[in-house]
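Have the viewer open as you read.

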Amino acid sequence: MKIVLTGDRPTGRLHLGHYVGSLKRRVEIQEKGASDAIYVMIADAQALTDNADNVDKVRTNIGEVALDYFACGINPLKSTVFIQSQIPELCELSFYYMNLVTVSRLQRNPTVKNEIKLRGFKQSVPVGFFTYPISQAADITAFKANIVPVGEDQLPMIEQTREIVRTFNATYREVLVEPNALLPENETCARLPGIDGSAKMSKSLGNCIYLSDTSNDIAKKVKSMFTDPTHLRLEDAGHTENNPVFIYLGAFAKDEHFKAFLPEYQNFGELKAHYERGGLGDVKVKKLLNDILQAELKPIREKREELAKDMTHIFEILKKGSESAREVAAQTLSEVKTAMGINYFK
Ligand code: TRP
């Protein structure tokens, strides 16, 4: 059985980083029919672990993220899209898993460590936030997912889940399934930098291109992109490494794009070589990137606008998805409780 599960926190609209890092991959898996089931979770409960006083933001973004999913091609007839908080079984699983994880193990989780630093929690880390890797293990194992398409920042979560699975299975009985991360196939896609050149696209840094951006927004953002600071005159040799314009082109440019938008080059390799040799200006390269992003994002944006006209329908899909996800999670929980011997009245 191949069971796929992924999720996103609904703290903002999804951006190009989500798209190349994981969303595109999910749609490919879905369209190839390469799995027995696909679950896509809107992780509102996880989002609340550092947004307890900001429920409105999370609630609003559930709809936004669902629109992003469906606009990109997640098809509710083929994938189960659901809302985490509507599956109380996940909390029960988390509660039992908590006994299988030590505080020091959580403190060593590099993703949590980094996020705690980024958020400036210092001594005031919410317990829910600190323990979210355990709840993420519940998300994954409730569906017996063995394939988790994620960006590389999520690897420590998958590792932590695998440990919980091994401990559970060894302590009680072989019930849970060890998941594997499925990373983007090309390294460029694993972590798309922000338009300002910082390591990651992130809403808080204001350096994202969103799937829902207007054509105008995209053009403006591409124009403002950070490039090679040492490439001052046209004839100067340019650097393509750590140059976000070239990193984005690496993630998006296909040979067809050159035919359509810049036929004097056959492919990305030729363009890159010219830039490195000198004699190719940033304006021209940015124009190509803009053409490519406009072509890629236009159908997504148009579909999104169409879908946004009927949010009631979107929430009906999420409700149905949550109901069917809940049945699966309940089955796993029942197996878990039986394995633990806490099914007293059966
Ligand atoms: N932690 C993920 C993120 O921040 C979201 C998430 C929650 C998730 N549960 C998951 C991802 C289960 C994969 C599997 O994006």
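Let's start with Glu302 and Lys298: they sit four residues apart in helix α15, so about one helical turn separates them. Their side chains meet in a salt bridge, with an N to O distance of 3.5 Å. Keep in mind that this is a predicted model. Glu302 counts as partly exposed because its relative accessibility is 43%, and Lys298 is partly exposed too, with a relative accessible area of 44%.

Lys287 forms a salt bridge with Asp291, and their closest N and O atoms are 3.1 Å apart. Asp291 has 19% relative accessibility, so this residue counts as buried, the cut-off being under 20%.

A search of the whole structure turns up 23 salt bridges. One of these joins the side chains of Glu178 and Arg166 at 3.0 Å, N to O. This pair links distant parts of the chain: Glu178 is in the loop between α9 and β5 (180–182), while Arg166 is in helix α9, twelve residues away.

The protein chain is divided into domain 1 (3–192 + 310–340) and domain 2 (215–305). Their C-alpha centres lie 33 Å apart. At the contact, 15 residues of domain 1 touch eleven residues of domain 2. The size of an interface is often given as the accessible area lost when the parts come together. Here the area buried between domain 1 and domain 2 is about 1100 Å², with carbon and sulfur atoms giving 67% of it.

What about polar pairing? Between domain 1 and domain 2 there are five residue pairs in polar contact, and three salt bridges are found across the interface. On the domain 1 side, the elements giving two or more residues are α1 (16–32), α3 and α10 (187–190). Of these, α3 gives the most, with six residues.

## The nonpolar cores

Which residues touch the most other members of the largest nonpolar core? In this set of 58 residues, they are Leu16, Tyr69, Ile209, Leu249 and Leu271. Helix α3 (residues 55–72) supplies the largest share of this core, eight residues. At least three residues come from each of domain 1 and domain 2. Another core lies apart from this one, with 36 residues, among them Met41, Leu100, Phe130 and Val165.

To zoom in on Leu249: leaving aside neighbours within four places in sequence, Leu249 is in contact with Phe268, Leu271, Val285, Leu288, Leu289 and Ile292.

Helix α8 is mostly covered, with ten of its eleven residues buried. Ala142 belongs to this helix (residues 132–142) and counts as buried because its relative accessibility is 0%. Beyond neighbours within four places in sequence, Ala142 has contacts with Leu90, Leu93, Val328, Ala329 and Thr332.

Gln136 is another of the buried residues of α8. The side chain of Gln136 makes a polar contact with that of Gln154 (2.9 Å). Gln154 is placed in the loop between β4 (147–149) and α9 (155–171), and it counts as buried because its relative accessibility is 14%.

## Positive phi angles

Most residues other than glycine have a negative phi, and most peptide bonds are trans. A few residues here are worth a look on that score. Just after α8, Lys144 takes a positive phi of about 50°.

Lys122 also has a positive phi of about 50° without being a glycine. Lys122 lies in the loop between α6 (110–119) and α7 (127–130) and is exposed because its relative accessibility is 70%. Asn242 has a positive phi near 60° and is found in the loop between α11 (215–223) and α12 (244–252). At 63% relative accessibility, Asn242 counts as exposed.

Methods. Residues are numbered from 1 along each chain as its sequence is written. This is a predicted model: local features need pLDDT of at least 70, side-chain atom pairs count only at pLDDT 80 or more; totals for chains, interfaces and linings use all residues. Side-chain values use heavy atoms; hydrogens and water are left out. Buried means under 20% relative accessible area, exposed over 50%, partly exposed in between (1.4 Å probe, protein chains only). A polar contact is a pair of N or O atoms within 3.5 Å; within protein, one must be able to donate a hydrogen and the other to accept it, and residues adjacent in sequence count only if both atoms are side-chain atoms. A nonpolar core is a set of buried Ala, Val, Leu, Ile, Met, Phe, Trp, Tyr and Cys residues joined through side-chain atoms within 4.5 Å. Domain bounds come from an automatic or database domain assignment. Contact means heavy atoms within 4.5 Å. Buried area is the accessible area (1.4 Å probe) that two parts lose on being put together, summed over both. A salt bridge is a side-chain nitrogen of Lys or Arg within 4 Å of a carboxyl oxygen of Asp or Glu.
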